[in-house]
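Work through these exercises with the model open beside you. Try each task before you read its solution.

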Amino acid sequence: MRRPLLAGNWKMHYGVSEGVALVEALSADLTDLNDRDVVVCPPFTLLGSLAPLLDGTAVALGAQNMHYEAKGAFTGEIAPQMLKELGCSYVILGHSERRQYFGETDELINRKAHAALANGLKPIVCVGEVKAERDSGQAESVVVGQLRGSLAGLSAEQLRSVVIAYEPVWAIGTGHTATPADAQAMHARIRAELAALSDQATADAIIIQYGGSVKPDNVDELMAQPDIDGALVGGAALKAADFIRIVRFK
């Protein structure tokens with residue numbers, strides 16, 4: 001059985017006081033989890049403040065991005081080991097906003113994935129199509145292409161430490177969610193491709209999250225699908241009550 005992973009991507013929201021209040025509320029409530037994992041991914045500026053508050057709790061810490069080099073003249077970038085030293089266990093790679101607004105390619109994301117794994121971080125690798133691609137029947141080929149490019153060269157053993165997040169771009173922050181059936185169909189296709197890249201046992205072990213306007217009122221139906229193993233949550237992760245309800249899906 002795959003252990004569900006619920007991740008909150010705070011994006012570019014919250015200063016220290018707001019971030020501290022949110023993680024204190026989450027860690028106080030989420031004390032009895034034994035069948036699912038939870039991670040919050042705040043902005044870089046909050047990692048140092050939140051790490052000690054989350055130490056020893058059921059909530060892990062993750063980052064929203066990183067560079068693939070260990071050090072160097074890369075102004076404004078963060079190295080994998082820097083994240084590890086701050087207490088991060090996860091890092092989001094290739095989010096659609098990174099691809100769309102910052103021109104990140106599959107090749108770049110692949111380099112980051114290799115670097116994350118080499119430094120003991122679990123990458124949450126994001127894939128997903130835009131509305132025009134779905135409307136033109138290209139959604140599956142786009143997602144499979146992103147998957148192959150982003151995971152190139154990873155061994156089966158390495159793939160078992162990777163989380164995949166399927167996020168249809170047209171659903172992110174729009175209030176529109178893929179139907180559970182549509183989401184399940186893409187997740188199943190992703191798992192089939194993971195088997196082709198490695199083997200069926202490895203594919204069956206990999207966590208595949210759904211991301212795209214996940215909310216308290218739709219999480220139960222999404223999580224009931226056989227190949228949906230968790231959620232990458234955006235806006236709803238910024239409110240303690242909403243994220244707690246999502247984590248406690250039924």
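**Exercise 1. Decide whether Pro-123 is buried or exposed.**

Solution. 
- Step 1: Take the relative accessibility. This is a predicted model, and in it Pro-123 comes out at 0%.
- Step 2: Apply the cut-off. Buried means under 20%, so Pro-123 counts as buried.
- Step 3: Pro-123 belongs to strand S5.
- Step 4: Look at the whole strand. S5 spans residues 122-127, and five of its six residues are buried. The strand is mostly covered.

**Exercise 2. Find which residues Pro-123 touches, leaving out those up to four places away in sequence.**

Solution. 
- Step 1: Pro-123 touches Val-91, Leu-93, Ala-113, Ala-116 and Leu-117, among others.
- Step 2: Search the higher numbers. The list also includes Ser-161, Val-162 and Val-163.
- Step 3: Gly-137 is 14 residues from Pro-123 in sequence, yet the two C-alpha atoms lie 29 Å apart.

**Exercise 3. Work out how S5 pairs with S4 and with S6.**

Solution. 
- Step 1: Start with strand S4, residues 90-93. Four bridges join S4 to S5, and the two run parallel.
- Step 2: Pick out a facing pair. Leu-93 stands opposite Val-125 in S5.
- Step 3: Turn to strand S6, residues 163-166. S5 and S6 also pair in the parallel sense, over four bridges.
- Step 4: Pick out the facing pair here. Val-125 stands opposite Ile-164 in S6.
- Step 5: Join the steps. Val-125 faces Leu-93 as well as Ile-164.

**Exercise 4. Follow Ile-164 into the largest nonpolar core.**

Solution. 
- Step 1: Find the residues that touch the most other members. The core has 68 residues, and those are Trp-10, Val-40, Leu-151, Ile-164, Ile-190, Leu-194 and Tyr-210.
- Step 2: List contacts of Ile-164, skipping neighbours within four places in sequence. They include Val-125, Val-127, Leu-147, Leu-151, Ile-190 and Leu-194. Ile-206, Ile-207, Ile-208 and Gln-209 are in contact with Ile-164 too.
- Step 3: Check for another core. One of 12 residues lies apart, with Leu-5, Ile-92, Ile-207 and Leu-232 among its members.

**Exercise 5. Examine phi in Lys-11 and Tyr-14.**

Solution. 
- Step 1: Recall the rule. Most residues other than glycine have a negative phi.
- Step 2: Read the two values. Lys-11 has a positive phi of about 55°. Phi of Tyr-14 is near 80°, also positive.
- Step 3: Locate them. Lys-11 sits in the loop between S1 and helix H1 (16-29). Tyr-14 lies in the loop between S1 and H1 as well.

**Exercise 6. Describe the largest pocket and the second largest pocket.**

Solution. 
- Step 1: Take the volume of the largest pocket. About 490 Å³ of space lies in it.
- Step 2: Look at its lining. Of 18 lining residues, the closest to the centre are Lys-11, Met-12, Gln-64, Arg-98 and Phe-102.
- Step 3: Find the elements behind the lining. Helices H2 (44-54) and H4 (96-102) each give two or more residues. H4 gives the most, with four.
- Step 4: Sort this lining by class. There are seven nonpolar, seven polar and four charged residues.
- Step 5: Move to the second largest pocket. Its volume is about 260 Å³. Of its 21 lining residues, Lys-11, Gly-173, Ser-213, Gly-234 and Gly-235 are the closest to its centre.
- Step 6: Sort the second lining. It has seven nonpolar, 11 polar and three charged residues.

Notes. Residues numbered from 1 in each chain as written. Predicted model: local features only at pLDDT ≥ 70, side-chain atom pairs only at ≥ 80, totals over all residues. Heavy atoms only, no water. Buried < 20%, exposed > 50% of the residue type's maximum accessible area, 1.4 Å probe, protein only. Pairing = 2+ DSSP bridges. Core = buried A, V, L, I, M, F, W, Y, C linked by side-chain atoms within 4.5 Å. Contact = heavy atoms within 4.5 Å. 1 Å grid on protein atoms, 1.4 Å probe; cavity = no way out; pocket = protein on both sides within 12 Å on 5 of 7 lines; lining within 4 Å. Points joined across faces, edges and corners; volume = space filled by probe spheres on them. Nonpolar A, V, L, I, M, F, W, Y, C, P; charged D, E, K, R; others polar.
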